[in-house]
Amino acid sequence: MLTALRTILSAVLAGLLGLDAVQAGQFLLSRPAFVGPALGWLNGCPLEGARLGILLELLYIDFIPVGGVVPPNGAAAAAAAVLAHSAGGLPPALSFFIGLAAGAAYSPIEYRLRAARSLWNTAVAEQVKAGDFNIGRWLARALLAENAALGFYVACCAALSAALALVPRLGSIYPGADFAYSLMPWLGLSGLYFRFRTQVGKK
């Protein structure tokens, strides 16, 4: 019961933190390096949450939303990874790759949410043209939709992870997942090296 409550609270919190990516604040609260430790602390696994979040951050830090490109969602990735471990009972290695896939799979959903909000532009423009500058309901509607979508998505990922833990012979993939997981820090750090080397070269 307590685990289920923590999972629901974590999904709601992930939805709120996800708003920081574009819609509100942009204080980097939606980054995996913050979401991972925060949800890890909430679910009683702060060290694993921090490790998962930091590794996801290393891989996601190079994604830049340019034009209509929607990058993988770091908040969804970190939340799904932490909950796969805490609520689903999966090992950190497998939880990491579930989170990595969840972040990438949320991109089409986020794209459709943005497209849906774009359809409101005409109505908002007509309202402002009519002299009504009270657009708070549109902003509230956008924030609520984004929060609900991400929170529900994370909750579904947690439920799927719990179901995955019941699959027979799942343990047979653990050695391969553990080996690939052990390479992630080096892969992330090498990506940072080449990125910073490029930036230094520009100067």
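This is a predicted model: local features need pLDDT of at least 70, side-chain atom pairs count only at pLDDT 80 or more; totals for chains, interfaces and linings use all residues.
The chain has 203 residues, and 38% of them count as buried. Its secondary structure consists of eight helices and zero strands. Read from the N terminus, the order of elements is therefore written α-α-α-α-α-α-α-α. A further description of the chain concerns contacts between residues with a separation of 6 or more: residues 24 or more positions apart account for 74% of these.

The packing of the helices may be considered next. In general, two packed helices are described by the angle between their axes and the distance between the axes. How do helices α1 and α2 pack, in terms of angle and distance between axes? Helix α1 covers residues 2-18 and helix α2 covers residues 32-42; they pack at an angle of about 155 degrees, and their axes are 10 Å apart. Because angles over 145 degrees count as roughly antiparallel, α1 is roughly antiparallel to α2. The crossing of these two helices is right-handed.

The residues that form this contact can be found in the structure by name. On the side of α1 they are R6, L9, S10, L13, A14 and L17, and they meet F34, V35, L39 and L42 of α2. Sorted by class, the contact of α1 with α2 comprises eight nonpolar residues, one polar residue and one charged residue.

Helix α1 also packs with helix α7, which spans residues 136-164; the two axes come within 8 Å and cross at roughly 140 degrees. Is α1 oblique or roughly antiparallel to α7? An angle must be over 145 degrees to count as roughly antiparallel, so α1 is oblique to α7. The crossing of α1 with α7 is right-handed.

In this second contact, α1 contributes T7, A11, V12, A14, G15, L16 and G18, while α7 contributes N147, L150, G151, V154, A155 and A158. By class, the contact of α1 with α7 holds eight nonpolar, five polar and no charged residues. The residue A14 is listed in the contact of α1 with α2, and A14 is listed again in the contact of α1 with α7.

T7 is located in helix α1, and T7 is buried, with a relative accessible area of 12%. With residues up to four places away in sequence left out, T7 touches N43, L83, A87 and A158. Of these, A158 belongs to the α7 side of the contact described above.

E48 lies in helix α3, which runs over residues 46-60. Is E48 buried or exposed? Its relative accessibility is 18%, and E48 therefore counts as buried, since the cut-off for a buried residue is under 20%. Apart from neighbours within four places in sequence, E48 is in contact with H85 and P92.

A104 is part of helix α5, residues 92-118. At 41% relative accessibility, A104 counts as partly exposed. A104 is in contact with Y60 and P72, leaving aside its neighbours within four places in sequence.

G89 is placed in the loop between α4 (74-86) and α5. With a relative accessible area of 57%, G89 is exposed. G89 and L164 are 75 residues apart along the chain, and 9.6 Å separates their C-alpha atoms.

The cysteines form the last topic. A disulfide is a covalent bond between the sulfur atoms of two cysteines. How many disulfides does the structure hold? The number is zero. The cut-off for a disulfide is a pair of cysteine sulfur atoms within 2.5 Å. Seen from the other partner, the sulfur of C157 has its closest cysteine sulfur in C156, again 7.1 Å away and too far for a bond. As for accessibility, C156 is partly exposed, with a relative accessible area of 31%, whereas C157 counts as buried at 11% relative accessibility.

Notes. Residues are numbered from 1 along each chain as its sequence is written. Side-chain values use heavy atoms; hydrogens and water are left out. Axes are lines fitted to C-alpha atoms, for helices over the stretch in contact, and angles run from 0 to 180 degrees between N-to-C directions. Helices (H or I, at least four residues) and strands (E, at least two) are DSSP runs, numbered from the N terminus. Angles under 35 degrees count as roughly parallel, over 145 as roughly antiparallel, 65 to 115 as roughly perpendicular and the rest as oblique. A crossing is left-handed if the near helix is turned anticlockwise from the far one by less than a right angle, and right-handed if clockwise. Contact means heavy atoms within 4.5 Å. Ala, Val, Leu, Ile, Met, Phe, Trp, Tyr, Cys and Pro count as nonpolar, Asp, Glu, Lys and Arg as charged, and the others, Gly among them, as polar. Buried means under 20% relative accessible area, exposed over 50%, partly exposed in between (1.4 Å probe, protein chains only).
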